[in-house]
Amino acid sequence: MESSSANPFDVDIKEKIKVLRARLPEWKFLDELLLDSEAMLELAQIVRLQDEWLKHRASSLYIDPLLVHLKVKLLPKEALSEAFIKSWHPVAQVDQLSPKGLEKAFVYWRDLSSMAERFKDEFGTYGVGPGTVDYAELVSLGVFTQEQFETKLKALHDELLDRSGGEWIDYREFIQAPDFETKVLRAYLLAFLISEGRASLKTEPLTGKIWTTALAEKAKGLPRSVAISIGGES
């Protein structure tokens, strides 16, 4: 059972224990009792496997095989072909470490100059000393004060409240912006709102759609992390 992919819940633990209990008065020799205790140990191992199986199924990274099967069946032939090409990595060559290769590697690392020597011409031998950065430079670097951050956060929450109107709206359409930097900023602020319970997010595994909505009151409970890729297109 431990070395196979069988479902540990296929074993009826309760029934096996009943059989052992019924046969226990019949055992008279030490070898028979040892076999009985060994059977109990194996049943305990199966209970441990059942516990691990449940934890694995309950983890956020688990994807139900039936869901994957349905999604593959719904994909058109073109999408299946594209997925196959992206995941196909044919073996074109076999690399082998030879004594000659080891010798070349040893000579390379032995004769390699230090980092300070390699970049001395470009950067010199001394680093830049400590200095000050004024407010204009902080703004140009994209560093804001807490008040500015809260202002942007409230503005995005108000916009989401207005556009959603209590309904679910498309996540990617909402974070859309004229340039990529603004798009990433909107996605970051929205993620902050969701983590605070002031907005919500749901996904549709079969279609890949992502929906979001604003909440008038903070939601209770622990938030769940969802990884979302943001493309560079505007």
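Biologist: How many bridges join β1 to strand β3?
Modeller: Two bridges join them, β3 being residues 209-214, and the two strands run antiparallel. Strands here are DSSP runs of E with at least two residues, helices are runs of H or I with at least four, both numbered from the N terminus, and two strands pair if DSSP finds at least two bridges between them. This is a predicted model, in which local features need pLDDT of at least 70 and side-chain atom pairs count only at pLDDT 80 or more, while totals for chains, interfaces and linings use all residues. Residues are numbered from 1 along each chain as its sequence is written, and side-chain values use heavy atoms, with hydrogens and water left out.

Biologist: Which residues stand opposite each other in β3?
Modeller: Asp170 stands opposite Trp211, and Ile169 stands opposite Thr212. Thr212 also has Leu201 opposite it.

Biologist: And what is the order of the strands in the sheet?
Modeller: The order is β1-β3-β2, in an open sheet of three strands with antiparallel pairing. β1 (169-170) and β2 (199-204) are at the edges with a single partner strand each, so one side of each has no neighbour in the sheet.

Biologist: Changing topic, where is confidence lowest and where is it highest?
Modeller: By pLDDT, the predictor's confidence in each residue from 0 to 100, the lowest is helix α8 (residues 135-140) at a mean of 54, and the highest is β1 at 93. The chain mean is 78, with 76% of its residues reaching 70 or more.

Biologist: Is Ser164 buried or exposed?
Modeller: Ser164, in helix α9 (residues 146-164), counts as buried at 5% relative accessibility; buried means under 20% relative accessible area, exposed over 50% and partly exposed in between, with a 1.4 Å probe and protein chains only. Leaving aside neighbours within four places in sequence, Ser164 is in contact (heavy atoms within 4.5 Å) with Ile169, Thr213 and Ala214.

Biologist: Last one, where does Arg198 lie?
Modeller: Arg198 lies in the loop between α11 and β2. With neighbours within four places in sequence left aside, its contacts include His157, Ala214 and Lys218. Arg198 and Lys220 are 22 residues apart in sequence, with their C-alpha atoms 9.9 Å apart in space.
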